[in-house]
Amino acid sequence: MQAPPGLGPLHRVAVGLVLALLALGGCERPPAGPADDRPLVVTTTTMITDLARQLAGDRVRVVGVIPPGLNPHTFEPTPDTSVLFRKARLVLYNGLHLEGKLVHMFEGLGPRAVALAEDPRIVVRASEWPQGAPDPHVWWNARHFMVFTEKARDALIALDPDGAETYRRAAARYLAELETLDGRIRQAVARIPPERRYLITSHDAFYYYGAAYGLTVDAVLGTSTDASPLPLRVQELARLVVQHRIPAIFHETAVSESLNELVSRVMAQAAKDGQPVMIPPEPLYSDSLDVPGRPAGTYLGALRENTRIIVSALAGEDVRPLLQGMPGSPATVPAPGPAESPDGR
Ligand SMILES: [Zn+2]
């Protein structure tokens, strides 16, 4: 959740809550009354909610249960959530234990529930911390999200065969956009001098992004925010910053202020040790998109915004024109690689 610059943490939380509530009222609630007889598709994360809407348009009723700005690791279901899952004709979720408190609800739904991240085409790493747990943040590699797209498309066709042509067309267009952006991100990250390609954040949500686009990733907390930070992490990360003269480290949206505060402590410790490091005023989107209508209110928008913020902080260059493919920018050269093997690299 992004707040206007200059607001303190409490104000930022307040703005975030208001925006989340607006999003709930404006977009997430199913329309009242019996008039809407479209099939109900229930989604979990904001990334998956956006994907379902991109593919289905108005053909189905998409209801996302986790509002923008809330954390899927710790999101607690309400009685409304259980009713939605029961009524859903299709549930699209991430899986790999991302939605830790919802997992029991997916059980028993059978083929009505589809885990988009669980697929042989996506190579999942076991996280070091929590030990051995699968790292669920696969979506920040655009090629992994292409797998999400194909699986969501196929599930929608199975649900509503009359709409098959609509879903196929929308998916083909969206897959092409993903592939183009994937190439542009590679070009944008290549603008960062190699010795500065470090991405240090609040929790370990960017391993797949770093692996795909060429950044070494580290974080104060492991792959779930539902854990406590190890006591020595702040000092270890400060040492890394000093050793590699890393110019910037990053806060995230949708994590607690206290977790972002630990990143601020890394900054303070590194400065004390002789390496001034900055934290950009705009946090990265890790486990949630912004509210619809904002630049990071879609998956594609958030991926662009994250890359813009990262490259700007580490290389001092505005890559917005490149990421948007504006005429005259290097992004007009063709994106590399075929789309058929989105294997994570
Ligand atoms: Zn996470």
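Among contacts in the chain between residues at least 6 apart in sequence, 69% join residues at least 24 apart, a contact meaning heavy atoms within 4.5 Å. The model is predicted, so local features are reported at pLDDT of at least 70 and side-chain atom pairs at pLDDT 80 or more, while totals for chains, interfaces and linings use all residues. Residues are numbered from 1 along each chain as its sequence is written, and side-chain values use heavy atoms, with hydrogens and water left out.

The chain contains 11 helices and six strands. Helices (H or I, at least four residues) and strands (E, at least two) are DSSP runs, numbered from the N terminus. Of the 345 residues, 54% count as buried. Buried stands for under 20% relative accessible area, exposed for over 50%, and partly exposed for values in between, with a 1.4 Å probe and protein chains only.

His73 lies in the loop between β2 (61-64) and α3 (79-87), whereas His203 belongs to strand β5 (residues 198-203), so the pair ties together parts that are 130 residues apart in sequence. Both His73 and His203 are buried.

Strand β5, which contributes His203, is mostly covered, with six of its six residues buried. β5 runs parallel to strand β6 (residues 216-221), and five bridges join the two; strands are taken to pair if DSSP finds at least two bridges between them. Tyr198 has Thr216 of β6 as its bridge partner, and Leu199 stands opposite Val217 in β6. From β5 the chain passes through helix α7 (residues 207-213) to β6, in a right-handed β-α-β crossover. Right-handed here means that, with the strands pointing away from the viewer, the path from the first strand over the helix to the second runs clockwise.

Both β5 and β6 are also among the elements that cover the buried residues of helix α9, as is α8 (233-244). The buried residues of α9 are Leu259, Asn260, Leu262, Val263, Ser264, Val266 and Ala270. An α-helix has 3.6 residues a turn, so residues three or four places apart point the same way. With 16 residues (257-272), α9 should span 22 Å at 1.5 Å a residue, and its end C-alpha atoms are 22 Å apart, which agrees. The expected span is 1.5 Å times one less than the number of residues in the helix. Gly274, which follows α9, has a positive phi near 100°.

The same check was applied to helix α5 (residues 142-159): its 18 residues should span 26 Å, and its end C-alpha atoms are 25 Å apart, which agrees. α5 is mostly covered, 16 of its 18 residues being buried. At the start of α5, a side-chain oxygen of Asn141 reaches to within 2.8 Å of the backbone nitrogen of Arg143.

Asn141 and Arg143 are also touched by Asp182, together with Ala142 and Tyr213, not counting residues up to four places away in sequence. Asp182 is placed in helix α6 (residues 164-189) and counts as buried at 0% relative accessibility. Its side chain makes a polar contact of 2.6 Å with the side chain of Tyr213. A polar contact is a pair of N or O atoms within 3.5 Å; within protein, one must be able to donate a hydrogen and the other to accept it, and residues adjacent in sequence count only if both atoms are side-chain atoms. The C-alpha atoms of Asp182 and Leu303 are separated by 9.4 Å, although the two residues are 121 residues apart along the chain.

A further polar contact, of 2.7 Å, joins the side chains of Thr44 and Glu99. Thr44 is found in the loop between β1 (40-43) and α2 (46-56) and is buried, with a relative accessible area of 0%. Its contacts beyond four places in sequence include Val65, Phe85, Tyr93 and Phe106.

Most residues other than glycine have a negative phi. Leu96 counts as buried at 10% relative accessibility, whereas His97 is exposed, with a relative accessible area of 58%.
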